[in-house]
Amino acid sequence: MDADTSYENLVQQIDSQQKKLEKSRQTEEKYYRVLESISEGFMMLDCDRAIAEVNNALLKLSGYRRDDFIGFKIDKFYDKASVSFYSASRDHLSFEAQFRTASGRDIPILFSRSSVKDDTGRLNGYMYFLTDLTELKVTQRELKRTEQRYRRMYQNAVQGMFQSRLSGDLIRVNPSYASILGYGSPDEVLALKDGANKFYFDPEERSRMIRAVKKKGAVVNYDLRLKRKDGKPVWVLANIRLINDDQGNPILEGILVDNTK
């Protein structure tokens with residue numbers, strides 16, 4: 001091989017290496033642009049679980065500087081006693097914990113960890129994504145308060161309230177529903193084998209009501225004569241609508257007002 005050929009091969013090798021380095025640099029730049037564009041906090045940990053890199057979203061969320069993170073272990077920044085595990089496997093881990101910000105405020109954070117491996121499967125480190133759950137927790141608390149208010153209203157309402165399947169099986173009733181029909185408690189009503197069918201002197205009356213509900217989607221101030229536990233009649237004005245349960249099955253939901261007097 002002459003000198004010109006050797007030189008040409010050397011130039012080609014150098015050019016190839018430069019292209020590889022340029023491609024690697026572009027990939028790295030793209031990687032960091034993605035990390036800085038996401039709204040979630042991000043940490044990169046080395047094999048010793050020390051923090052090697054964080055993104056700006058985490059700095060904004062936590063109030064810390066980048067140097068406050070680098071080189072420290074991740075468990076420095078959350079309360080171990082507050083940890084709740086969601087899932088754990090060999091390469092993935094998700095848990096919730098209280099994260100202590102620079103201002104001393106604790107915020108609920110979902111930590112999602114994934115192992116980082118090279119092409120041979122050797123561990124290179126760990127990635128953590130940190131999601132602020134504050135708004136979710138506020139929503140959950142508000143939903144719980146709303147549910148409690150609804151439950152109190154349902155239990156204390158003077159009108160009888162119920163849900164039942166089209167077959168007659170009762171799903172839930174409130175105390176007033178049980179009282180109107182002469183029963184001591186909702187549990188006593190729900191334990192009935194024949195369900196709502198037991199409250200009709202003539203089964204056709206219930207079938208007629210269901211046909212009316214199906215035709216219009218709901219009935220308002222519908223006059224019904226029902227049978228109490230002691231066998232005596234009670235007249236009610238019913239407002240009943242057809243809805244779907246969580247599985248998409250049609251059910252009846254309604255309110256009964258004792259109109260006997």
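**Entry 1: the model.** I am working with a predicted model, so I read what follows as computed from it.

**Entry 2: the largest core.** I looked up the largest nonpolar core first. It holds 24 residues, and Tyr 177, Val 189, Phe 199, Met 209, Leu 226 and Ile 240 touch the most other members. Next I checked which elements give two or more residues to this core: β8 (170-173), α5 (175-180), α7 (203-216), β9 (218-227), β10 (233-244) and β11 (250-258). The largest share comes from β10, with four residues. There is also a second, separate core of 21 residues, and I noted Met 43, Val 54, Phe 99 and Ile 109 among its members. In soluble globular proteins, nonpolar side chains tend to be buried together.

**Entry 3: Leu 226.** I then listed contacts for Leu 226, skipping neighbours within four places in sequence. That leaves Leu 181, Phe 199, Tyr 200, Phe 201, Lys 232, Pro 233, Val 234, Val 236 and Leu 256.

**Entry 4: the β9/β10 hairpin.** How are β9 and β10 joined? I find eight bridges between them, and the two strands run antiparallel. They form a hairpin with five residues between the strands. In the turn, Gly 231 has a positive phi of about 90°. I also looked up Asp 223, whose bridge partner in β10 is Leu 237.

**Entry 5: Leu 256.** Is Leu 256 buried or exposed? I get a relative accessible area of 4% for Leu 256, and since the cut-off for buried is under 20%, Leu 256 counts as buried. Leu 256 sits in strand β11. Beyond four places in sequence, Leu 256 is in contact with Gln 159, Gly 160, Phe 162, Tyr 177, Ile 180, Leu 226, Val 236, Leu 237 and Ala 238. So my Leu 226 list and my Leu 256 list each name the other leucine, because their heavy atoms come within 4.5 Å. I took one distance too: Leu 256 and Asp 223 are 33 residues apart in sequence and 9.7 Å apart in space, C-alpha to C-alpha.

**Entry 6: the cavity.** How many cavities of 30 Å³ or more are there? I count one. The largest cavity has a volume of about 90 Å³. Its lining has 13 residues, and Phe 162, Tyr 177, Ala 196, Tyr 200 and Met 209 lie nearest the centre. By class, the lining divides into 11 nonpolar residues, one polar and one charged. At least two lining residues each come from β7 (160-165), α7, β9 and β11. I marked Tyr 177 and Met 209 as names to revisit: both are in the core list and in the list nearest the cavity centre.

Technical notes
Residues numbered from 1 in each chain as written. Predicted model: local features only at pLDDT ≥ 70, side-chain atom pairs only at ≥ 80, totals over all residues. Heavy atoms only, no water. Core = buried A, V, L, I, M, F, W, Y, C linked by side-chain atoms within 4.5 Å. Buried < 20%, exposed > 50% of the residue type's maximum accessible area, 1.4 Å probe, protein only. Pairing = 2+ DSSP bridges. 1 Å grid on protein atoms, 1.4 Å probe; cavity = no way out; pocket = protein on both sides within 12 Å on 5 of 7 lines; lining within 4 Å. Points joined across faces, edges and corners; volume = space filled by probe spheres on them. Nonpolar A, V, L, I, M, F, W, Y, C, P; charged D, E, K, R; others polar.
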